[in-house]
Amino acid sequence: MVLQSIIRGVSIYSVNNHLNFITCKFQYMFQMKKNYRHTCFIFLLLIFATTISVDARKHYHTKKSKIHHKHKKNNGGAPNCSSSPFPSHGFYPTNGSPIFNILSFGAKGDGVSDDTKALETAWEAACKVQGATLEIPSEFQFLINPITLQGPCMPNFVFQIDGIILGPPKVGSWPKSSLFQWLNLKWMHNFTIQGTGTLDGQGYNWWKLSQIDFFQVMKKSKNIPDMKPTVLRFYGSYNVTIRDVKIINSPQCHLKFDNSKGVKINNVTISAPESSPNTDGIHLQNTQDVEIHHSNIGTGDDCISIQTGCSNIHVHHMNCGPGHGISLGGLGKDKSIACVSDIIVDNVNLQSTMYGARIKTWQGGVGSVKNISFTNIQVSNVKVPIMIDQYYCDKHVCKNQTGAVAISNVQFNQIIGTYSTKPIHLACSNSIPCTDVDLIDIQLKPSTNYRGINQLAGLCWNSYGKSQAPLLPSSMDYCVRRGSGFVRGISRSHEHVCL
């Protein structure tokens with residue numbers, strides 16, 4: 001293995017690191033006068049590596065350049081090895097950053113063999129080296145079973161995905177302990193996922209089971225799980241960047257962040273059929289300081305879902321569709337506390353989605369949603385482009401309750417395009433009205449697929465704020481009422497739990 005590692009890792013710019021390391025080990029073994037067989041073996045390796053070094057230098061000197069190495073010695077004990085050896089199966093390219101190719105750890109890359117162990121071993125090796133890159137090479141497909149890849153790792157760890165990573169295609173083969181997610185990344189700091197490759201959840205067999213059939217089949221078979229996994233989930237992670245990759249065909253949510261901070265998502269493509277149930281694109285929960293931009297998301301549910309505990313989120317220059325649009329919520333389910341603030345969504349195109357810019361809360365919830373801005377949103381054939389729904393219910397009937405998550409300081413500005421059902425739906429709580437809801441420059445026309453009876457504004461209930469022309473349809477001007485200080489006081493009295 002040592003010999004193979006040297007052959008694999010050797011290069012003109014790194015061979016002296018091997019020589020330095022082997023010489024250091026040889027000196028140390030000789031000084032300690034122990035394990036003479038090992039010493040002899042290392043001595044042979046030294047001779048072999050020296051031969052490689054001579055050949056490499058001959059080629060190198062043709063460019064009239066030299067590599068100088070300085071060796072330090074201690075006056076007793078083990079010698080000071082100033083140059084670190086290669087990690088097992090690692091390779092240092094010319095820029096000095098170590099690369100760990102999954103194929104070097106036993107992966108087959110044929111899309112059929114189980115390469116989970118190889119990924120786990122490669123991850124453990126790369127995690128220990130600063131600036132390491134774990135490489136999933138192009139032109140290979142790697143079948144990976146549910147796995148937790150855990151940190152914290154050394155800084156500037158890069159997961160380079162240029163090939164295809166496949167999830168298990170059979171529903172019944174998933175362990176019951178791994179149904180929350182497929183690839184679970186925990187406690188990662190200063191970490192990047194990038195590349196031209198694809199994470200494919202192979203969720204087709206999960207989607208075949210409709211909501212009704214799913215539970216009927218589940219009761220009859222012990223092999224059918226009672227939940228569906230997310231493709232890629234981050235937990236407790238900081239300063240994470242995801243760029244360029246594709247995430248497709250998740251059994252449920254595609255990309256999820258829980259209890260994380262400092263997230264950047266750029267030029268990512270997330271895709272699943274419009275008919276795939278609950279396949280949200282990006283799901284954020286208890287996560288702050290997030291930027292999502294210049295990406296394309298089209299799934300069977302929300303393109304982006306922002307849940308409780310989220311703040312300072314900026315979504316811009318996005319294409320969304322098909323799907324359910326960009327949503328805050330549902331918030332406050334089962335009388336829970338929900339706190340969401342400082343969300344900016346701008347320069348977004350929504351094509352053939354169910355909703356556009358949406359806030360949805362459950363009756364009976366506690367907390368607040370405040371400082372929300374939807375600006376420069378282009379909609380095309382969207383059923384309902386503007387929505388606040390404080391009566392959200394995913395069942396046929398939900399119990400009426402007086403409590404509500406307070407919604408305040410929400411701006412809908414420059415929402416332009418076409419709708420197929422109605423342009424706006426503001427259904428605010430009877431007991432806690434929505435306050436400071438502004439409608440500015442709204443220009444919405446019926447699409448060619450319009451199914452409404454007339455072009456009325458839609459539903460507008462118990463919302464206070466202001467409107468500013470141009471407004472189309474003009475009846476939208478009556479959707480928000482001028483609010484008094486008393487009305488604002490009612491809303492603010494319910495925000496204290498989020499302070």
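Visitor: Of the 499 residues of the chain, what share counts as buried?

Guide: Buried means under 20% relative accessible area, exposed over 50%, and partly exposed in between (1.4 Å probe, protein chains only). By that rule, 51% of the 499 residues in this chain are buried. The model is predicted, so local features need pLDDT of at least 70 and side-chain atom pairs pLDDT 80 or more, while totals for chains, interfaces and linings use all residues. Residues are numbered from 1 along each chain as its sequence is written, and side-chain values use heavy atoms, without hydrogens or water.

Visitor: How many helices and strands does the chain have?

Guide: Helices (H or I, at least four residues) and strands (E, at least two) are DSSP runs, numbered from the N terminus. The chain has seven helices and 31 strands. A contact means heavy atoms within 4.5 Å; of the contacts in the chain with a separation of 6 or more, 75% join residues 24 or more positions apart.

Visitor: Which residues touch the most other members of the largest nonpolar core?

Guide: A nonpolar core is a set of buried Ala, Val, Leu, Ile, Met, Phe, Trp, Tyr and Cys residues joined through side-chain atoms within 4.5 Å. The largest one has 101 residues, of which Trp123, Leu232 and Phe412 touch the most other members. Helix 4 gives the most to this core, namely seven residues. Domain 1 (96-212 + 226-291) and domain 2 (302-498) both contribute residues, so the core lies between them; the domain bounds come from an automatic or database domain assignment.

Visitor: What does Leu232 touch, leaving aside residues up to four places away in sequence?

Guide: With those residues not counted, the contacts of Leu232 include Leu183, Leu185, Ile193, Leu199, Ile242 and Ile247. His254, Leu255 and Lys256 are also among them.

Visitor: Which parts of the chain does the pair of Asp302 and Arg358 link?

Guide: The closest N and O atoms of the salt bridge between Asp302 and Arg358 are 3.1 Å apart. The pair links distant parts of the chain, 56 residues apart: Asp302 is in the loop between strand 19 (288-298) and strand 20 (304-306), and Arg358 is in strand 24 (residues 355-361). Asp302 counts as buried because its relative accessibility is 2%, and Arg358 counts as buried because its value is 4%. Salt bridges link Asp302, Arg358 and Lys360 in a network.

Visitor: Where do Lys117 and Glu120 lie?

Guide: Lys117 and Glu120 are both in helix 4 (residues 116-127), three residues apart, which is about one turn of the helix. Their salt bridge has its closest N and O atoms 3.6 Å apart. Lys117 is exposed, at 57% relative accessibility, whereas Glu120 is partly exposed, at 29%.

Visitor: Where is the cis peptide bond that involves Pro473, and what is its omega?

Guide: Most residues other than glycine have a negative phi, and most peptide bonds are trans. The bond from Leu472 to Pro473 is cis, with omega near 0°. Pro473 lies in the loop between strand 31 (463-472) and helix 7 (485-492). Another cis peptide bond joins Gly329 and Gly330, with omega about 5°; Gly330 is in strand 22 (residues 326-331).

Visitor: Is Asn249, which has a positive phi, buried or exposed?

Guide: Asn249 is buried, with a relative accessible area of 9%. Its phi is near 55°, and Asn249 lies in the loop between strand 14 (246-248) and strand 15. Asn267 likewise has a positive phi, near 55°. Asn267 is in the loop between strand 16 (261-266) and strand 17 (269-271), and is partly exposed, with a relative accessible area of 40%.

Definitions and conventions: A salt bridge is a side-chain nitrogen of Lys or Arg within 4 Å of a carboxyl oxygen of Asp or Glu.
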